[in-house]
Amino acid sequence: MSKTKVIAFANNKGGSGKSTTCSNVGYGMAEAGKRVLLIDGDMQMNLTLSFFKEEQALEFAKGDRNLYTGIRTESDLTDDIVKTEYENLDIIPSSTLMSSIEYELFTKWQREFILARGIEKILASDVYDYILIDSPPTLGGWVMNIMCAADYLIIPLEASPWGLFGLANMFDFYHQVQKIAPKIDLLGVLITKADERKNYFKQTTETLRELGNVYVFQNYIRVDSTVEWAQDNSKPVAAYKRHSRSAKEYTELTKEILENVDRKNQS
């Protein structure tokens with residue numbers, strides 16, 4: 001059994017901070033000495049663009065080393081891994097062609113498990129401690145693929161009036177995936193883009209706490225322009241401005257995620 005743990009970041013609501021969370025938690029894990037592989041599962045390529053400038057990201061998208069090519073050909077994804085400039089942190093880039101992935105999956109055998117099969121050799125090698133997968137803001141067959149490949153699910157949720165909209169659908173989808181991939185476990189809901197001065201932040205927090213059986217991360221990510229500047233420079237926040245508020249928040253969030261995974265593994 002592989003020691004590598006796979007975490008999917010998913011939410012059917014756009015703008016929830018999936019890619020930003022995935023990239024910064026991945027960097028935080030690598031900084032903590034963990035060996036991390038990121039998989040960009042979204043045609044928007046935001047996770048890829050978190051580490052590479054647009055020109056290089058588009059080269060990956062147009063070439064043979066990207067997730068779309070691997071999924072379309074149902075190949076071992078080992079050859080699609082690209083190193084970032086950061087130690088212990090690699091990535092499988094996405095492609096804009098992922099926009100047609102639902103069509104590509106439609107006629108394939110056991111299509112819900114193509115990504116899981118694609119990372120089998122990577123898992124067996126135990127090269128990585130963690131694989132983090134970014135998802136598009138949908139609830140289709142491709143997101144089901146991502147969740148079927150994962151051990152854990154984290155749902156980033158924007159602290160806004162519309163942030164909670166559709167969360168029930170996300171939970172329903174998660175439970176449907178569990179029926180065919182029972183290993184996946186909801187690690188928790190993460191509040192992002194929080195503004196403590198506004199009432200809806202408090203409302204979002206209170207609503208989530210009332211769910212009772214759903215873990216809500218104690219650490220949350222506040223609105224900070226440093227995040228946007230880091231994205232503009234194709235860097236994780238802590239690499240762009242190590243002592244910024246956001247960098248510290250992502251560092252603490254990463255610690256909480258690692259602690260929660262360790263606790264679940266021991267139980």
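Visitor: How many bridges join strand β6 to β7?
Guide: 7 bridges join β6 (residues 152-158) to β7, and the two strands run parallel. Strands here are DSSP runs of E, at least two residues, and helices are runs of H or I, at least four, numbered from the N terminus. Two strands pair if DSSP finds at least two bridges between them.

Visitor: What is the bridge partner of isoleucine 154 in β7?
Guide: Glycine 188 in β7 partners isoleucine 154. The chain gets from β6 to β7 through helix α9 (residues 167-180), in a right-handed β-α-β crossover (clockwise from the first strand over the helix to the second, with the strands pointing away from the viewer).

Visitor: What am I looking at, by the way?
Guide: This is a predicted model, where local features need pLDDT of at least 70, side-chain atom pairs count only at pLDDT 80 or more, and totals for chains, interfaces and linings use all residues. Residues are numbered from 1 along each chain as its sequence is written, and side-chain values use heavy atoms, leaving out hydrogens and water.

Visitor: New topic. Where is lysine 53?
Guide: Lysine 53 sits in the loop between α2 (46-49) and α3 (54-62). Lysine 53 counts as partly exposed because its relative accessibility is 46%.

Visitor: And which residues does lysine 53 touch?
Guide: Leaving aside residues up to four places away in sequence, lysine 53 touches Asp232, Asn233 and Ser234, with contact meaning heavy atoms within 4.5 Å. Lysine 53 and aspartate 232 are 179 residues apart along the chain, yet 8.8 Å separates their C-alpha atoms.

Technical notes:
Buried means under 20% relative accessible area, exposed over 50%, partly exposed in between (1.4 Å probe, protein chains only).
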